[in-house]
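Good morning, and thank you for joining this group meeting.

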Amino acid sequence: VYTLINLIQLYHDHIYLNNALNLKIPRSPYFPSENVNTATWLSFIEKTELLSELLAQLLENPRSIHFAIRNLRATVIFLAETIKASLRFQMLIKNDGSILVHKTIPSRESIVPEPKEDKSSKNFETEDGRQNRKSLLQVQKEIRLKMRETVKDVEPTRSTPGILIGEILWIFRPLIYLICLFYWGKLSWKPWFISLFIDLASRGCSIRKALNDLERSELLRRTFIWVFYLLRSPMLELILKNLGSVGFLDNSKFKHLEEFLHSRQHYYCLLYTSD
């Protein structure tokens, strides 16, 4: 049900985005038109990856002679990460190596800005008491003018070798991390440190003062989700072990928290992958 609701919302946002891009702006500051198809597929995968992982876990047969069926959950996760990396790399090429701010279909609220309130265009009442509302053409005109005013402020920063390398590292980091997990196992520190090193290197390559607001916000978002490293194995086990040694987890409330974290940790797409 949760996945179905997300897909319906994605469908509505996709329709709204296409209508916004049909306003004939040379380059939308909120979403480049060349990203629509790729972003639609990326959004679809992200909305359905948890459901795919759950179904793969149910259908997995450890006794099967076929490797893909015997390890169906791992196969589905690997295919999803490979497709996402391929689509993001394709989008990177389309955007001339600039920072990938728009990777998925945005919500309707963020596609176009709210036009500034104009006193001359406020709704007013006619003599018979009916309210005279703005026409669709008036609304489109206001949106078009607002977008033209802000397009210069959000033009993508011209790519540099550092930005390009940083984006490539960020795109393929989840896939490299997944391969390391398959090779060394979830309890090994090697995948954890390799993934963190790639994230730090990617962030270091992208450090530049001349970035627009959208690009700075995207880099800040990527930095913020590093908190998931505290919830991934083996770091989570180390934290819980140290908390348990001092009696912090004796409280029943914290016991429930520990059980919740372990249940979330069981699903790869909840903690081990990042948007």
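Predicted model: local features only at pLDDT ≥ 70, side-chain atom pairs only at ≥ 80, totals over all residues.

Which exposed residues does the face of α10 turned away from its buried side carry? They are Lys241 and Ser245. Exposed means over 50% relative accessible area, buried under 20%, and partly exposed in between, with a 1.4 Å probe and protein chains only. Helices here are DSSP runs of H or I with at least four residues, numbered from the N terminus.

Residues are numbered from 1 along each chain as its sequence is written, and side-chain values use heavy atoms, leaving out hydrogens and water.

Let us return to helix α10, which spans residues 235–245. Its buried residues are Met235, Leu236 and Leu240. Seen down the axis, these buried residues fall within an arc of 130 degrees, so they line one face of α10. The arc is taken from the directions that run from the helix axis to the C-beta atoms.

I turn now to a pair of helices. Two packed helices are described by the angle between their axes and the distance between the axes. For helix α2 (residues 36–59) and helix α4 (residues 72–94), the axes come within 9 Å and cross at roughly 175 degrees. Axes are lines fitted to C-alpha atoms, for helices over the stretch in contact, and angles run from 0 to 180 degrees between N-to-C directions. The crossing makes α2 roughly antiparallel to α4, a term for angles over 145 degrees.

Lys84 lies in α4 and Glu49 in α2, so the pair ties together parts that are 35 residues apart in sequence. Lys84 counts as buried, at 1% relative accessibility, and Glu49 is buried as well, at 15%.

Glu53 forms a salt bridge with Arg73, with the closest N and O atoms 2.9 Å apart. Glu53 lies in α2 and Arg73 in α4, so this pair ties together parts that are 20 residues apart in sequence.

How values were computed. Helix = DSSP H or I, 4+ residues; strand = E, 2+ residues; numbered from the N terminus. Parallel < 35°, antiparallel > 145°, perpendicular 65-115°, else oblique. Salt bridge = Lys/Arg side-chain N within 4 Å of Asp/Glu carboxyl O.
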